[in-house]
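Dear colleague,

Please find below the structure that I am handing over to you. My notes on what was found in it follow directly after.

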Amino acid sequence: MEKILVSACLMGRKVRYDGGAKTSSDAWLAGWREEGRLVPFCPEVSGGLPVPRPAAEIEGGAGGAAVLAGAARVLASDGSDVTAEFLAGARQALAVARTHGIRLAVLKEGSPSCGALAVYDGTFQGHKVPGQGVTTALLERSGIRVFSEEQVPEAAGYLRTLEA
């Protein structure tokens with residue numbers, strides 16, 4: 001059975017920067033949870049950041065690939081540089097995925113770690129730009145397909161191709 005890496009906040013775990021969760025009511029995720037497919041993970045907490053913590057964004061909205069390449073940093077709203085924690089969390093997410101043979105992930109959209117389609121632009125003004133978070137960029141670069149919680153039907157379709 002294929003396992004699926006999933007953002008812990010989508011499973012109701014209070015790991016977000018604001019101390020909350022973003023619990024998903026998606027029927028696919030609920031079914032996969034019942035089947036025991038889901039491996040919940042929060043790269044930011046695993047990378048050493050506390051809950052709650054200041055919000056963080058990738059400077060200039062450069063995206064996760066730029067952070068992985070050392071061309072951009074992840075900065076918290078208080079001005080602190082949390083790049084090292086984001087990189088550590090991304091590496092741990094990849095290690096967990098490899099341990100479980102995971103080839104598919106459903107992660108929280110908009111997150112500087114987990115965003116699959118968009119991230120915030122680094123101004124802390126609530127503006128998003130197309131791009132991926134740090135963990136998503138590392139997973140994708142390593143051959144793991146990442147979908148946002150807004151793309152679960154597409155993730156289900158991809159899962160069917162993996163199990164065919």
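**Threonine 135 and its helix**

Beyond the residues up to four places away in sequence, threonine 135 touches Pro43, Gly89, Ala90, Ala93, Leu107 and Ser113. Please bear in mind throughout that this is a predicted model. Threonine 135 belongs to helix α5, which covers residues 134-141. Its relative accessibility is 1%, and since buried means under 20%, threonine 135 counts as buried.

Val134, Thr135, Thr136, Ala137, Leu138 and Leu139 are the buried residues of α5. Because six of its eight residues are buried, α5 is largely enclosed by the rest of the structure. Glycine 143 follows α5 and has a positive phi, near 90°.

**Helix α4**

Helix α4 runs over residues 83-99, 17 residues in total. From its first C-alpha to its last it reaches 24 Å, close to the 24 Å expected at 1.5 Å a residue. Just after α4 comes glycine 101, with a positive phi of about 65°.

**The nonpolar cores**

The largest nonpolar core has 28 residues, and Leu5, Val74, Val134 and Leu139 touch the most other members. Two or more residues each come from β2 (38-41), β3, α3 (64-68), β4 (74-76), α4, β5 (104-107) and α5. With six residues, α4 gives the most to this core. A second, separate core has 20 residues, including Ile4, Met11, Ala155 and Leu159. In soluble globular proteins, nonpolar side chains tend to be buried together.

Apart from neighbours within four places in sequence, valine 74 is in contact with Ala56, Glu57, Ile58, Val67, Ser80, Asp81, Val82, Thr83, Phe86 and Val134.

**The largest pocket**

The largest pocket holds about 500 Å³ of space. It is lined by 30 residues, of which Arg16, Tyr17, Gly110, Ser111 and Pro112 are the closest to its centre. The lining comprises 16 nonpolar, four polar and ten charged residues. Helix α2 (43-46) and strand β3 (56-58) each supply at least two residues of this lining.

Arginine 16 lies in the loop between β1 (4-7) and α1 (27-35). With a relative accessibility of 17%, against a limit of 20%, arginine 16 counts as buried. Leaving aside neighbours within four places in sequence, its contacts are Cys9, Ala21, Lys22, Val51, Arg53 and Lys108.

**Two backbone details**

Val51, one of the contacts of arginine 16, also takes part in a cis peptide bond: the bond from valine 51 to proline 52 has omega near -10°. Proline 52 is found in the loop between α2 and β3.

The other detail concerns phenylalanine 124, which has a positive phi of about 60° although it is not a glycine. Phenylalanine 124 is located in the loop between β6 (118-120) and β7 (128-130). Its relative accessible area is 30%, which makes phenylalanine 124 partly exposed.

With kind regards

Technical notes. Residues numbered from 1 in each chain as written. Predicted model: local features only at pLDDT ≥ 70, side-chain atom pairs only at ≥ 80, totals over all residues. Heavy atoms only, no water. Helix = DSSP H or I, 4+ residues; strand = E, 2+ residues; numbered from the N terminus. Expected span 1.5 Å × (residues − 1). 1 Å grid on protein atoms, 1.4 Å probe; cavity = no way out; pocket = protein on both sides within 12 Å on 5 of 7 lines; lining within 4 Å. Points joined across faces, edges and corners; volume = space filled by probe spheres on them. Nonpolar A, V, L, I, M, F, W, Y, C, P; charged D, E, K, R; others polar. Buried < 20%, exposed > 50% of the residue type's maximum accessible area, 1.4 Å probe, protein only. Contact = heavy atoms within 4.5 Å. Core = buried A, V, L, I, M, F, W, Y, C linked by side-chain atoms within 4.5 Å.
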